[in-house]
Amino acid sequence: MEALALKLMNAVPALAGVPLWVMTLLVMVVVAVILLVFALTFGGVGSYVLRKVAGDIQARIGPNRVGPYGILQFLADGVKLIMKEDIIPAKADRFLFILAPYLVFVGAFAAFVVIPFGVGLIASDLNIGVYYVMAVTSLVVIGILMAGWASNNKWALLGGMRAAAQIVSYEIPVGMALMPAVLIAGSLSMQDIVRSQGGLLGLFGWNVFHNPFTFFSFFLYFTAAQAESNQTPFDLPEAESELVSGYNVEYSGIRFAFFFLSEFADMFIVAALAAACFLGGWHVPFLRAEALPGIWGNLLSLGVFLAKALGIVLLMMWVRWTLPRLRVDQLMRMSWKYMVPLTFVNLLGVSLWLLLFRGKGIPQLIASVF
Amino acid sequence: MGLREYIGDIVEAVVTTAKGMRITARYGVDAGEEVTQQYPEERREPDERFRGFLHNDIARCTSCTMCVKVCPVDCISLEAVRGADKKMVLVSYDINIGRCMYCGLCVEVCPPKSLGHTVGYEKAMFERGEMVLQFVHEDAAEIKARVAKQVAEAAAKAAEAAKAEAAKTAAPGTAPAESEKKE
């Protein structure tokens, strides 16, 4: 951020008089706004795509009234949510009730800071990137539990408790499934992890193809992430048919919109992490994005990264409309008896592989033969 | 749980998920015929015995009030007065379709079969009052006045006739008696 501010001040003479800290702050605000706009747009368009995909899979049509092919449906929904009456139940804990949706959204949005969108496009390349994402997305649990408690409603409370139990349980497999990428890169920084997957035509350097264990690791991460972001086979906190809609029953209007948006933001974060840690992040196949001139390299890598992340989002939606919801005990059994041991075994496998083959993956080994 | 079962569970989960996703993918790419009916433009053909809004053919209605008595939700209200020819004349016949639950009991019970179901079902309205369907369009007071007039006329006629009769019986052996003889 400071470097960017300095560059700007050097490039534009009119800005020379502005103090560095003001400029840095300005750049930070601009970046935050860009990310926020991206998150909001994704939430809107994502909800439209989700409904269209659901429609296609269930032989329905989906939204098709507002604008061509119903593409403006999300704007109509957004306007509706903003204009709706904001209801706070009489016996709710007002302070917590009001605070909860923002906390949930902050938890989901803060993770955007370390998402590597392109060669140089990252809000802040923290050296503990992966750890930061894991930590900050856990804030969502507190918000959800808070919403459930503050609503003073039995369904909301049950939903909140389920969410807490579920997210805490699946945090472990998610973390453990991401570890192989960290081991291979030797760093927790997102940019380092992405850079470690370059070379070999920009395709075979991906961590998924590194060795059999990382391949399984990707799918384990995908499953656990689906659970951590409360999506359908694991959407017990919401469970329309049993809990009405879980922790957000009592919410309406703009506060509900925040829950809704953070759900989609969470979905994108999870998909972006999968793309960055396993699918080569912003590496363009058959091309070296870093070697291209700044602006083109950034744009191209941004496009490729978004394509990968959105592809995974689409895959998540596909799973979402395929599998029925699990029971609570099945959900817990799956986490503690299957996911956790498997991810640990996987981690051990990757470590052994790295030790035995001196950090080289299968494609690299094959390449070294020639 | 043995290791064999444990691994079997994992394999089953993966295989069944893959199977399910193949099916949904096939539908996602080409679902064939869409099952959605785009309502205001496309409408479903009503079934033969579809129970829609009630309709009363007041020309056939005998004002027997069976429908009013049988209605479980009291949505029918009826007012009738006795006419000159001793038959009931409907003054008002209202059905509150906001209350009606389409059970069809009134239709079953109707002796002259004047009450029936239509295929209408759209009752989005601007005011609640619009949901009360009125089948007698004339003003109730007017009908009452007219019927009262008719009844009065009939009564006057009857009185006159009675008077004539009385006159006859009072003076026997005159013209009417002759005519009776002729017949």
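Author: Happy to. The buried residues of H13(A) are A:Leu331, A:Met334, A:Ser335, A:Met339, A:Leu342, A:Thr343, A:Asn346, A:Leu347, A:Val350 and A:Trp353. Buried here has 20 or more other C-beta atoms, placed from the backbone, within 10 Å of the residue's own. Helices are DSSP runs (H or I, at least four residues), numbered from the N terminus. This is a predicted model, where local features need pLDDT of at least 70, side-chain atom pairs count only at pLDDT 80 or more, and totals for chains, interfaces and linings use all residues. Residues are numbered from 1 along each chain as its sequence is written, with chains lettered from A and ligands numbered from 1 in written order.

Reader: What covers the buried residues of H13(A)?

Author: The cover includes helix H7 (154-185) and helix H9 (212-228) of chain A. Contact is C-beta atoms, placed from the backbone, within 7 Å.

Reader: Where is the kink in H13(A)?

Author: At A:Met339, about 30°, shortly before the proline A:Pro341. The bend is the angle between axes fitted to the seven residues ending there and the seven starting there. A:Met339 is also among the buried residues.

Reader: New topic: which domains does chain A have?

Author: Domain 1 (1-83) and domain 2 (85-369), with bounds from an automatic or database domain assignment. Their contact takes 15 residues from domain 1 of chain A and 17 residues from domain 2 of chain A.

Reader: Which helix gives the largest share of the domain 1 side?

Author: H2(A), with 12 residues.

How values were computed. Helices (H or I, at least four residues) and strands (E, at least two) are DSSP runs, numbered from the N terminus. A residue is buried if 20 or more other C-beta atoms lie within 10 Å of its own, exposed if 12 or fewer, and partly exposed in between; C-beta atoms are placed from the backbone. Two residues are in contact if their C-beta atoms, placed from the backbone, lie within 7 Å.
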